Amino acid sequence: MSAITTDVFYLNGRGSVAQEPESLRRIPGNRAVWVGIFAELTEFAMFFIIYFIAKAHYPQEFEQGPLKLNTLAGTLNTVALISSSYFVAKAMFAIRRNRPQASVRWLWGALLAGLAYLAIKTWEYQWNVSLGIHSDTNAFYTLYYYMTFNHLLHVGWASGTLLWAIYRVKQGVYNAENHSGMMAIACYWHMVDLAWIIIFPLLYVLR
């Protein structure tokens, strides 16, 4: 089996694979961001448990509720977040290959996709209100607003971290040799995306 000889591919932000093979066993990003990610995932898991408990108590409301939601808006937001995760992955690929300008372009793409999500969600809320759908309409819509608004806040501050990553790459702080901070931002963004992929079918698709 041939040995790894590359000295230009950096894993988790420091040390080449050839010089530091133990880095293969490191988690991406850093421990602090994973504490935050597990805390956020626990929060969303509680939302999902509450969803199924409420659905068992109010089956008719949870059957009728999704029919009145704007499925197109939910679908567009799903496309926006999946696209943004792809852009973030491409940005990481570029920075590891010492291509900071390409990384910045991909990060801008991810940020714009995140802003598109925020814009679509804001319009969706206005559309709901025009139809008389409010947070106190029934149990389903109470949970819908609570889950989606909480997720919207996560997208908002995660978008801010993408802007921070763009600044750090432009300043030369994040580069092929040192990008663990950028990796932490990418991991958090993927977590936000994953949460929406679960929220979307629960609220917009399942009857």
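The model is predicted: local features need pLDDT of at least 70, side-chain atom pairs count only at pLDDT 80 or more, and totals for chains, interfaces and linings use all residues. Residues are numbered from 1 along each chain as its sequence is written, and side-chain values use heavy atoms, with hydrogens and water left out. The protein chain has 6 helices and 0 strands. Helices (H or I, at least four residues) and strands (E, at least two) are DSSP runs, numbered from the N terminus.

**Overall make-up**

- Read from the N terminus, the order of elements in the protein chain is α-α-α-α-α-α.
- Of the 207 residues in the protein chain, 46% count as buried.
- Buried means under 20% relative accessible area, exposed means over 50%, and partly exposed lies in between (1.4 Å probe, protein chains only).

**The salt bridge**

- The structure holds 1 salt bridge, a term for a side-chain nitrogen of Lys or Arg within 4 Å of a carboxyl oxygen of Asp or Glu.
- Its partners are the side chains of Glu124 and Lys121, at 2.8 Å from N to O.
- Side chains of opposite charge can pair when their charged atoms come close.
- Both Glu124 and Lys121 belong to helix 4 (residues 100-130), where they are 3 residues apart, about one turn of the helix.
- Glu124 is buried, with a relative accessible area of 0%, and Lys121 is also counted as buried, at 0% relative accessibility.

**The cavity**

- A search of the whole structure finds 1 cavity of 30 Å³ or more.
- On a 1 Å grid over the protein atoms alone, a cavity is a set of points where a 1.4 Å probe fits but cannot get out, and lining residues have an atom within 4 Å of a point.
- Grid points are joined across faces, edges and corners, and a volume is the space filled by probe spheres set on the points.
- The volume of the largest cavity is about 30 Å³.
- The lining of the largest cavity is made of Val88, Met92, Leu107, Leu162, Ala165, Met182, Ile185 and Ala186.
- Helix 3 (71-96), helix 5 (139-170) and helix 6 are the elements that give two or more residues to this lining.
- Helix 6 gives the most, with 3 residues.
- By class, the lining has 8 nonpolar, no polar and no charged residues.
- In this count, Ala, Val, Leu, Ile, Met, Phe, Trp, Tyr, Cys and Pro are nonpolar, Asp, Glu, Lys and Arg are charged, and the others, Gly among them, are polar.

**The nonpolar surface patch**

- Phe38, Leu41, Leu194 and Ile198 form a nonpolar patch on the surface, and together they have about 350 Å² of accessible area.
- Helix 1 (31-57) and helix 6 (180-205) are the elements that give two or more residues to the nonpolar patch.
- Patches are made of residues with over 30% relative accessible area and no salt bridge: like charges are joined within 9 Å, and nonpolar side chains (Val, Leu, Ile, Met, Phe, Trp, Tyr) within 5 Å.
- Accessible areas come from the Shrake-Rupley method with a 1.4 Å probe, and for residues only the protein chains shown count as cover.
- Phe38 is found in helix 1 and is exposed, with a relative accessible area of 51%.

**Residues apart in sequence**

- Leu202, in helix 6, counts as buried at 7% relative accessibility.
- Leu202 and Phe48 are 154 residues apart along the chain, and 8.6 Å separates their C-alpha atoms.
- Leu153, in helix 5, is partly exposed, with a relative accessible area of 35%.
- From Leu153 to Leu118 there are 35 residues in sequence and 9.1 Å in space, C-alpha to C-alpha.

**Loop residues**

- Asn98 lies in the loop between helix 3 and helix 4.
- The phi of Asn98 is near 60 degrees, a positive value in a residue other than glycine.
- His134 lies in the loop between helix 4 and helix 5 and counts as partly exposed at 34% relative accessibility.
- His134 and Tyr145 are 11 residues apart in sequence, with 8.1 Å between them in space, C-alpha to C-alpha.

Conventions. On a 1 Å grid over the protein atoms alone, a cavity is a set of points where a 1.4 Å probe fits but cannot get out, and a pocket is an open set with protein on both sides within 12 Å along at least five of seven lines; lining residues have an atom within 4 Å of a point.
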